[in-house]
Amino acid sequence: MGLKLFNTLSRSVQEFAPRAAAGKKVGMYCCGPTVYDFAHIGNWRTFVFGDLVRRYLEFKGYEVRHVMNVTDVEDKIIKRVRETKTTLREFTVKFETAFFDDLKSLHCRMPHVTPRATEFIGEIVALIEKLIARGIAYQTADGSVYFSIEKYRGCGCTYGQLVKLNFDEMRPGVRVAADEYEKEALADFALWKTRVPEDGDVFWPSPWGEGRPGWHIECSAMSMKVLGNSFDLHLGGEDLKFPHHEDEIAQSEGATGQPFVKHWLHGAHLLVEGKKMSKSLGNFFTLRDLAGKGFTGREVRYALLPAHYRETFNFTLDGLTGARTALARIDECVGKLRALAAPHPVPAPVVSRAGSAPGAPDPLTDRFTAALDEDLNISSAWAAVFDWVRDTNKRVAENALSAPAAMAALAAWEKVNSVLGIGAAAEAEAPAEIVALLEARQAARQAKDFKRSDQIRDELKAQGWVVEDSPKGPKLKKI
Ligand code: AMP
Ligand code: ZN
């Protein structure tokens, strides 16, 4: 069955089809963090959502090239660099490292490419030059370069593909220099900002003099450099629709004359304790704050995935405690299955149920897939998981599960969990990359590639972890 996703571009749920119709390759760009502070759990909702999309596409057999940029120069960062009297890199490296550590703690698969804006200045300048050559961008007296919405529209291009805009309110030639502005402030936006004293040492040479890029052009330049002028999927939180994504489309399509992105996906915001997150309300949490309260990345991941991605939902500390209970239910059930499968601790490669022919559909995977195919209906997918847990517990209690049936159930669970990414209880304390190695070893063993599985075991050992194949399945132990 095909996957359907809501495309912000068409404002409708559409069958997902990559541009290369015959292939299974998907180019996916997720707007990454602006590294001026630690990412908060609202940000994490969006990044975990991106990870869910990637995992599900991979589960469906697509070969995903996942790109997530690091915005390491823009207005907010420069302000903080000035306030902290540091250099740009000294300032951003701390938050960038923390971001990728947190990404791993939340079991997110590492994007394949993570370009930094400051390393793409050449591409950014070249893109602006193209827009100037096409008459869509212009230089102002102070040396800055702006995107002309009037000229862009004059070429027959549409500004306002993701959001409805009121052009009657617009006064041509009015400019906005800030990276962030409201729809009502519709105006020409900055591509290159000329150097001002407040920028300190943050500037680069350009054909228009010293300055720095605007935020929006950074993502156009990085995404097209890595994925090509046109690609399949672009993702971000709903606040990025305007101006960021609208401007990305205008810059990219204005420069290349080709359609930029086929499917746009936007995640709704997270509310915390019923309100918009803010430091003064005391409801502003980073992952580190939650770790300080004793919650694991695994628990936070679970708590960030209860609701449909297009619906806001309310994150509470009670909900996080509920996540712990729910995970314990799953862990207990999986533990029972492992014990039952004890004579054969490695799940069978073929998913089959007791009494059913090998390869016959299993109800967990079927219901789970049917739910996620419908625009990633995650709450329905969880319902399938918890019905399965209830049914499995009942069958275990009735002694109705043979070892092969338990193995088949475990194999189905592993498949589903490759999308949910909640790992396993025993593995939860190991860092994500160690858990990933353990998973790779399991996969090698299932494929009877014992040479590879031994290699991975040695690699784990070199990193300070041993695998113990207990009757309840493989366990990681720190040496
Ligand atoms: P930033 O680092 O500010 O550029 O934001 C990173 C991502 O987090 C973007 O995709 C934002 O849309 C998203 N985001 C920001 N606030 C929230 C929130 N409260 N809930 C969900 N996503 C958010
Ligand atoms: Zn972006």
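**Briefing on the predicted model**

Cys 31 is buried, at a relative accessible area of 8%; buried means under 20% relative accessible area, exposed over 50% and partly exposed in between, with a 1.4 Å probe and protein chains only. This is a predicted model, in which local features need pLDDT of at least 70 and side-chain atom pairs count only at pLDDT 80 or more, while totals for chains, interfaces and linings use all residues. Residues are numbered from 1 along each chain as its sequence is written, chains are lettered from A and ligands numbered from 1 in the order in which they are written, and side-chain values use heavy atoms, with hydrogens and water left out.

**Zinc site**

- The zinc ion (ligand 2) is coordinated by Cys 31 through SG, Cys 219 through SG and His 244 through NE2, at 2.1 to 2.2 Å. Donors are N, O and S atoms within 2.8 Å of the metal (3.2 Å for Na, K and Ca), and sites may look incomplete because water is not among the atoms.
- Along the sequence, these donor residues follow the spacing C-x187-C-x24-H.
- Cys 31 lies in the loop between β3 and α1, and His 244 lies in helix α7 (residues 241–256), so this pair, 213 residues apart, links distant parts of the chain. Helices (H or I, at least four residues) and strands (E, at least two) are DSSP runs, numbered from the N terminus.
- His 244 counts as buried, because its relative accessibility is 1%.
- Helix α7 also holds Pro 243, which is joined to Phe 242 by a cis peptide bond with omega of about 0°.

**Nonpolar cores**

- The largest nonpolar core has 139 residues, and those with the most contacts inside it are Leu 57, Tyr 159, Trp 382, Val 385 and Trp 413. Such a core is a set of buried Ala, Val, Leu, Ile, Met, Phe, Trp, Tyr and Cys residues joined through side-chain atoms within 4.5 Å.
- Helix α13 (residues 403–420) gives the most to this core, with ten residues.
- A second, separate core has ten residues, among them Ala 430, Val 435, Leu 460 and Leu 476.
- Neighbours within four places in sequence aside, Leu 57 is in contact with Leu 3, Phe 16, Val 26, Met 28, Tyr 62, Val 64 and Leu 233. Contact means heavy atoms within 4.5 Å.

**Helix packing**

- Helix α4 (residues 121–133) and helix α6 (residues 215–227) pack at an angle of about 105°, with their axes 9 Å apart. Axes are lines fitted to C-alpha atoms, for helices over the stretch in contact, and angles run from 0 to 180 degrees between N-to-C directions.
- That angle makes α4 roughly perpendicular to α6, since angles of 65 to 115 degrees count as roughly perpendicular, those under 35 as roughly parallel, those over 145 as roughly antiparallel and the rest as oblique.
- On the α4 side the contact is made by Glu 123, Ile 124, Leu 127, Ile 128 and Leu 131, and on the α6 side by Ile 217, Glu 218, Ser 220, Ala 221, Met 224 and Lys 225.
- The residues of this contact of α4 with α6 divide into seven nonpolar, one polar and three charged. Ala, Val, Leu, Ile, Met, Phe, Trp, Tyr, Cys and Pro count as nonpolar, Asp, Glu, Lys and Arg as charged, and the others, Gly among them, as polar.
- Helix α11 (residues 363–373) packs with α13 at an angle of about 25°, their axes being 9 Å apart, and α11 is therefore roughly parallel to α13.
- Leu 364, Thr 365, Phe 368 and Leu 372 of α11 make this contact with Ala 412, Trp 413, Lys 415, Val 416, Val 419 and Leu 420 of α13.
- The contact of α11 with α13 comprises eight nonpolar residues, one polar and one charged.

**Loops and the residues around them**

- Thr 34 lies in the loop between β3 (25–30) and α1 (41–59), and its C-alpha atom is separated by 8.7 Å from that of Glu 96, 62 residues apart along the chain.
- Glu 96 is found in helix α3 and counts as buried at 8% relative accessibility.
- Lys 85, in the loop between α2 (75–84) and α3 (88–105), has a positive phi of about 55° although it is not a glycine. Lys 85 counts as exposed, at 75% relative accessibility.
- Asn 399, in the loop between α12 (378–397) and α13, likewise has a positive phi of about 55° without being a glycine. Asn 399 is exposed, with a relative accessible area of 71%.
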